[in-house]
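Here is a walk through the aromatic rings of one protein model. Please look at the sequence and structure first.

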Amino acid sequence: MFPTAIVVLISLAYLGLLFAVARFAEQRAAAGRSIITPSLYALSLGVYCTSWTFYGSVGRATSGGLSFLTIYLGPTLMLLLTGVIVKMIRISKAQRITSIADFIGARYGKSYWLAGLATIVAVLGIVPYIALQLKAIAASLGILLADPAAGQGFWPTLAITASLAVFTIWFGTRHLDATERHEGMVAAIAFESIVKLLAFLAVGLFVTFGMFNGFGDVFSRAAALPGIERLLGLEAVKPVSWAALILLSGLAIVFLPRQFQVMVVENVDESHVRRAVWLFPLYLLLINLFVLPVALGGLVHFQGAAVNADTYVLRLPLSQGAEVLAMLVFLGGLSAATGMVIVETIALSTMVCNDLVMPGLLRSTWFSAQNRRDLSGVLLGIRRAAIGVILLLGFIYFQAAGEAHALVGIGLISFAAVAQFAPVVFGGMYWKLGTRPGAIAGLSGGFLVWLYTLLLPAFAKSGWIDPGFVQSGLFGFSWLKAQALFGLVGLDEISHCLWWSLLINAGLFAGVSLATRPDADEAAQAERFVDVFRLEARGGAPRLWRGQASPEALVALLERFLGAERAHGQLAGHAQARALSDWRRLPADAAFVQFAEAELAGAIGSASARVMVASVVEEEPLGLDEVLDILDEANQVRAHSRELELKQAELEAATGELRAANARLQELDRMKDDFVSTVTHELRTPLTSIRALSEMLYEDPKLPLADRARFLGIIVTETERLSRLINQILDMAKLESGRAEWTTSSIDVGTLVREAAASLEALFNEKGLCFSLSIAAGLPPVLADRDRLTQVLINLLSNAVKFVPQDGGHVWLSVVSVEDAVRVSVRDNGPGLTADECGVIFEKFRQGGDTMTAKPQGTGLGLPISRQIIEHFGGRLWVESSPGQGADFMFTVPIAAPDA
């Protein structure tokens, strides 16, 4: 075992290291190089893992099996509600919130009564949790020194408590403004999270692979223990109890004062929450990875010995002589306990100072007598004294009741207490009708139920009070049994307390809120809380203040509570934000008044800040109707702004459409020019031939007969080509303008295809190609123009004939029925088309093949005309081809309806 001096020295050295980490982080922050990263923020949430996690989870696993996991499933599920957490952070930054009690008081009209009530609930609820940390430190110290009295005696425990108080005061109350980021504290807590994780993983690996031969060996040897099946089997799972614990721990990750402090108050960037959503659950998974192996290993190793299961983590390494590992485990447990104590007492001291002491102090004659004095030192003194008193209460609770409960039992009492904040906080964030009387009624009712059904029974078990109200009911009424209230039996004490307290809490909150009407301040704060995102998107909430104020009085007020240097620095920043070079030129308007109130809220809480500002300004009270009118006017302005934005969006859309139309017109103009140029070229080619040959015939009447006949034949051919071109141009113009004439009727496609193929038989024979015709039987009729459809078929067949090779050419024509249409396919074994050519072949005057080196074999209008004809009938014309594989032109025509 270790000498006492060595343990104390190592402990002090470790605490000194924590302080060094904190100082380093603060110096970096002061230099503008913050070390608070998303990962460090997520690790700081590890303050949730106290000595309960480090020691108590193993103890709970030995009695409740896997139920210890519920304490970590709840926070994991709660972090999935990222929107709720981000909204809470956004509200807190906008309102300069300093604590969970300040959050509640600010929502309901900045009520110091409600904030004070929340503070009392938090202090009474958290004192048992602080006692848990003292118990864990004392027990682990006694084990390490092999002298239980050395750790758990009155004077040693008092010394531990005093040391923690001194360290916390030294560590956390150097700054007055509670909303100023404590980057040093956050960094130290993140460092402690790493230490306790490494320590627990080290002891887990030691037990699993050092004392045993892996997980399989641990579980197989534990399986031989009596009753182990009940511990690890499915029958150990109690759905109601598990659901209650998951809900309880999920609420605790938000509403424990220390968790609200690190998650909300200390948050520097909302985006850090996205990292915490997965990194913190991963941390919880890792720190619980070896809980069950250590618990089972302890049961096997200490079988038959009277050893507290909460101490297995430390006793197992000591039993094997691994003293260095035991010291690391002790430091891990010390990290878990001190991290909780530091942040929790800092948060609670802020609440006690701002929401309990200051409201009374501000109304005292002493305060009036200190009118000109700088009170920033007094505020720091109050917070330091509060830290000492809170730790002393924890010490008293530990001495009186600490041995009556396991670590987990003490922690669950605190969890159930802070769960009472849920209705008033969540209701206040999302329900504008929640009122101050409703919040007071709900929180009071839930707190009294918690007190009667959970805390007082804990005192009864410790022998402080008569347990009759637990066993027989208050005044002998059985329906008032503390842990079987109104005859509800079959639930464990935690589930029973959670059910009744939240039911009565939420019921009173909703019922009284609906029966009362909020005042002007409440209505304004409800708007700021519920609609925080919308208000900030519109430039902030409307300023609900009217009256007269003296700039000098406001400045004096800030100097009095913040100190002159800090007050002047904040005033300079506010002036700069308002484009003023000197803060002395700030006008005493609503913006200045609200700035002063926000700054004071960071030092003395929102409720006390409201009182102090009201004491130095002549404010005209606003009635509820006036507030609602202002808010309605603001909503109308926002609505008008939205209408302007909508009109702007419509104008931008119209502008975009005009740009697109203009671009289309320019494209059409270009296409028109290209069309005219192409048509002129196509017309010029045959005309040039006709003119040249005609001139030759005219100038030489004695031209040989054979030449005359050849020239006249060319003239006739070119004339026919010219006529076809003109006819197709006219046809295309009619189709595009919608002036084409159509004669629609029911057509037998098979008959039409045979007729079209027969009309081209001479052309097939002239080319010497092989023609194959395939027509499916039973083709349904289609509704189309017979002549137009024949025109399309002849055009496709003519094109195929043009492009097949001179020898060995082959054209396939097939007709089949597909779903609700008839499909016609014209395939050839010509040179085929490239992918680019397939994409443009249906454009006007575009032809396949190399038109730069070979004479065009047509006008280039046949395919565009054919596509327009087919699309007019509701069909589709397309081509499938690849170079060297021929081309397959296909079109479909819808089947005629029965009544066509």
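Rings of Phe, Tyr and Trp (its six-membered ring) pair if their centres lie within 6.5 Å; planes under 30 degrees apart count as stacked, over 60 as edge-to-face and the rest as tilted. A search of the whole structure finds 23 such pairs. The model is predicted, so local features need pLDDT of at least 70 and side-chain atom pairs count only at pLDDT 80 or more, while totals for chains, interfaces and linings use all residues. Residues are numbered from 1 along each chain as its sequence is written, and side-chain values use heavy atoms, with hydrogens and water left out.

One of the pairs joins Tyr-48 and Phe-415, which are tilted, at 6.0 Å centre to centre and 35° between the planes. Tyr-48 lies in the loop between helix H2 (38-44) and helix H3 (51-64), and Phe-415 in helix H21 (residues 407-418), so the pair ties together parts that are 367 residues apart in sequence. Helices (H or I, at least four residues) are DSSP runs, numbered from the N terminus. Tyr-48 is buried at 2% relative accessibility, and Phe-415 is buried at 1%; buried means under 20% relative accessible area (1.4 Å probe, protein chains only).

Helix H3 also holds Phe-54, and helix H10 (residues 183-211) holds Phe-200, so their pair links parts 146 residues apart in sequence. Phe-54 is buried at 1%, and Phe-200 counts as buried at 1%.

Tyr-48 and Phe-415 return in one aromatic cluster with Tyr-72, Tyr-129 and Phe-280.

Notes
Helix = DSSP H or I, 4+ residues; strand = E, 2+ residues; numbered from the N terminus. Buried < 20%, exposed > 50% of the residue type's maximum accessible area, 1.4 Å probe, protein only.
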